[in-house]
Amino acid sequence: MWDVEIRGMASAHAIIASSIFMATVMPAVLLENFSVYGTHMVWLYCVAGSVAVVNIAVFWLLGISPPTKKNTLSYKINRLSRSCLYFLLSCLFFHSVVVMYGAPLLESALETFSLAVLLSTLTTLRCLCILGPNVQAWIRVFSRDGAMSVWDTSLQITTGCSVIGAWLGAFPIPLDWDRPWQVWPISCTLGATTGFLTGLVAAPVWIHWHRKQLTYKLK
């Protein structure tokens, strides 16, 4: 059972990681003068859009999302509306946090909000896909010993790696190296994306390595 779940997770993570690669390669082929540095906002939204679509598709096909208690159209619309609201609130939350950590308040506001959208896509969207719009479940997963499945543990690892990656990416910005990737918020978005990719690789490896020690409470 463990091996089946871990292989399924590794396959899903490989597909999601491939979407980032395709979001970088395909625009470079189709769009003139596209580059990660020169047209960074285009790259950022290509990555965010690709990861969002592939995450939703993969978790829906795998049936990872919690089952809905009601099948009525109004309930599904309400669930979708809450998910969209939570995602928007997450973007505003990350935007506020980044500003409090020193990002320009008004200058480069679009770039700051774009970073917040990317962070929300790498973290909050996965919470919505795996746990649904259930804040109590989110609090449970990110509390100590709150994971109830390998996917919960995966969510902890990928979310942590994404946020830490964005935080580490901010360190080179004030240095006087005059590198093109030091322009706000390139290093942070690259750090977040690298951290997310690291989490996608690390999660199944860590779970496989510690599978004998992991015990999950029944839902």
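**Helix packing and the core**

Reply: Start with two helices: Arg 126, Cys 127, Ile 130 and Leu 131 of H5 meet Trp 151, Asp 152, Ser 154, Leu 155 and Thr 158 of H7. Contact means heavy atoms within 4.5 Å. Helices are DSSP runs (H or I, at least four residues), numbered from the N terminus.

Me: What should I know about the source?

Reply: This is a predicted model: local features need pLDDT of at least 70, side-chain atom pairs count only at pLDDT 80 or more, and totals for chains, interfaces and linings use all residues. Residues are numbered from 1 along each chain as its sequence is written, and side-chain values use heavy atoms, with hydrogens and water left out.

Me: At what angle do H5 and H7 pack?

Reply: About 175°, with the axes 10 Å apart. Axes are lines fitted to C-alpha atoms, for helices over the stretch in contact, and angles run from 0 to 180 degrees between N-to-C directions. So H5 is roughly antiparallel to H7 (the cut-off is over 145 degrees).

Me: How many residues of each class are in that contact?

Reply: 5 nonpolar, 2 polar and 2 charged. Ala, Val, Leu, Ile, Met, Phe, Trp, Tyr, Cys and Pro count as nonpolar, Asp, Glu, Lys and Arg as charged, and the others, Gly among them, as polar.

Me: Thr 158, then. Buried or exposed?

Reply: Thr 158 is buried, at 0% relative accessible area. Buried means under 20%, exposed over 50%, partly exposed in between (1.4 Å probe, protein chains only).

Me: What is Thr 158 in contact with?

Reply: Leaving aside neighbours within four places in sequence, His 13, Arg 126, Phe 196, Gly 199 and Leu 200.

Me: New topic. How many residues does the largest nonpolar core have?

Reply: 48. Val 47, Phe 59, Ile 130, Leu 131, Trp 151 and Phe 196 have the most contacts inside it. Such a core is a set of buried Ala, Val, Leu, Ile, Met, Phe, Trp, Tyr and Cys residues joined through side-chain atoms within 4.5 Å.

Me: Which helix gives the most to this core?

Reply: H2, with 9 residues.

Me: And H4, how many of its residues are buried?

Reply: 10 of its 14, so H4 is mostly covered. Thr 112, Ser 114 and Leu 115 are among the buried ones. What covers them includes H2, H3, H5, H7 and H8.

Me: Last one. Where is Gly 63?

Reply: In the loop between H2 and H3. Gly 63 counts as exposed, at 54% relative accessibility.

Conventions. Angles under 35 degrees count as roughly parallel, over 145 as roughly antiparallel, 65 to 115 as roughly perpendicular and the rest as oblique.
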